[in-house]
Amino acid sequence: MWIKVVSLLARLSLAAVWLVSGALKVADPAQTIIAVRAYQLLPEDLVRPVANTLPFFEIALGLLLLIGLAVRATASVSAVLLLVLIGVIVSVWSRGLSIDCGCFGGGGAADVNGWDYAREILRDVGFLALAVWLIVFPRSPFALGLRSRTTFSVTPQQTVAE
């Protein structure tokens, strides 16, 4: 029973993360371009396509998790995306750049230090833990997907004949 509850909380929490993150980026596309450019990882020709695509990809992940379709596959994609995001933050930190990650809107040059990067990485590791939990235990109540659905019901125990 408790696994189902934790799975439901993990699914809804990770859905909220992706939906909020994507919506904040969609609301300010110019700032998202600045944020992606600040990482100095992509050629200029790829900055705008990545900045315009990533928020909608995050929203799609959030919607799939929210309704409970293909939870294991969506959690797997989420885990890969989170590993990429952790990797780029480590890259920025190791190259001595000083930027806001833009993970939840904003982004670009900023006055940050190692502790800020460490907090962002720890936050993303927490989100990664939610994704890993859903890969292992994808079934939760209120999911629409047949392989993702379960109920809160408890298996009835046999009654002892009196």
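Predicted model: local features only at pLDDT ≥ 70, side-chain atom pairs only at ≥ 80, totals over all residues.
Phe142 sits in the segment after H5. The phi of Phe142 is near 65 degrees, a positive value in a residue other than glycine. At 62% relative accessibility, Phe142 counts as exposed; here, exposed means over 50% relative accessible area, buried means under 20%, and partly exposed is whatever falls in between, with a 1.4 Å probe and protein chains only.

Residues are numbered from 1 along each chain as its sequence is written, and side-chain values use heavy atoms, with hydrogens and water left out.

Now for the overall layout. The protein has 5 helices and 2 strands, where helices (H or I, at least four residues) and strands (E, at least two) are DSSP runs numbered from the N terminus. Going along the sequence, they come in the pattern α-α-α-α-β-β-α. Of the 162 residues, 39% are buried. Among contacts with a separation of 6 or more, 70% join residues 24 or more positions apart; a contact means heavy atoms within 4.5 Å.

Over residues 4-136 the chain is 79% helix and 3% strand, and the end C-alpha atoms are 12 Å apart. UniProt (unreviewed entry) also lists residues 46-67, 74-94 and 125-146 under "transmembrane region". UniProt positions are given in the numbering used here, feature names are shortened, and annotations may be inferred rather than shown by experiment. In the model, residues 46-67 are 100% helix and 0% strand, with 32 Å between the end C-alpha atoms. Residues 74-94 are likewise 100% helix and 0% strand, and their end C-alpha atoms lie 30 Å apart.

Next comes the way the helices pack. Helix H1 (residues 2-27) and helix H5 (residues 114-136) meet at an angle of about 130 degrees, their axes 9 Å apart. Axes are lines fitted to C-alpha atoms, for helices over the stretch in contact, and angles run from 0 to 180 degrees between N-to-C directions. That angle makes H1 oblique to H5: under 35 degrees counts as roughly parallel, over 145 as roughly antiparallel, 65 to 115 as roughly perpendicular, and the rest as oblique. H1 passes H5 in a left-handed crossing, a label used if the near helix is turned anticlockwise from the far one by less than a right angle, with right-handed used if clockwise. On the H1 side the contact includes Trp2, Ile3 and Val6, and on the H5 side it includes Phe127, Leu130 and Trp133. The residues of this contact of H1 with H5 split into 11 nonpolar, 2 polar and 1 charged. Ala, Val, Leu, Ile, Met, Phe, Trp, Tyr, Cys and Pro count as nonpolar, Asp, Glu, Lys and Arg as charged, and the others, Gly among them, as polar.

H5 also packs against helix H4 (residues 71-94), with axes that come within 8 Å and cross at roughly 165 degrees. H4 and H5 are therefore roughly antiparallel to each other. Once again the label is left-handed for H4 passing H5, and the residues of the contact divide into 21 nonpolar, 3 polar and 3 charged. Val90 is found in H4 and is partly exposed, with a relative accessible area of 41%. Val90 and Ile121 are 31 residues apart in sequence but 7.8 Å apart in space, C-alpha to C-alpha.

On its other pairing, H4 meets H3: their axes come within 9 Å and cross at roughly 145 degrees, in a left-handed crossing. Among the residues making this contact are Leu54, Phe57 and Glu58 of H3, along with Val71, Thr74 and Val77 of H4. The contact of H3 with H4 counts 8 nonpolar, 2 polar and 1 charged.

That leaves helix H2 (residues 29-38), where Thr32, Ile33, Ala35, Val36 and Ala38 are buried. Their cover includes H1, helix H3 (44-67), strand S1 (99-100) and strand S2 (108-109). Just after H2, Gln40 takes a positive phi of about 55 degrees. Gln40 belongs to the loop between H2 and H3 and is exposed, with a relative accessible area of 54%.
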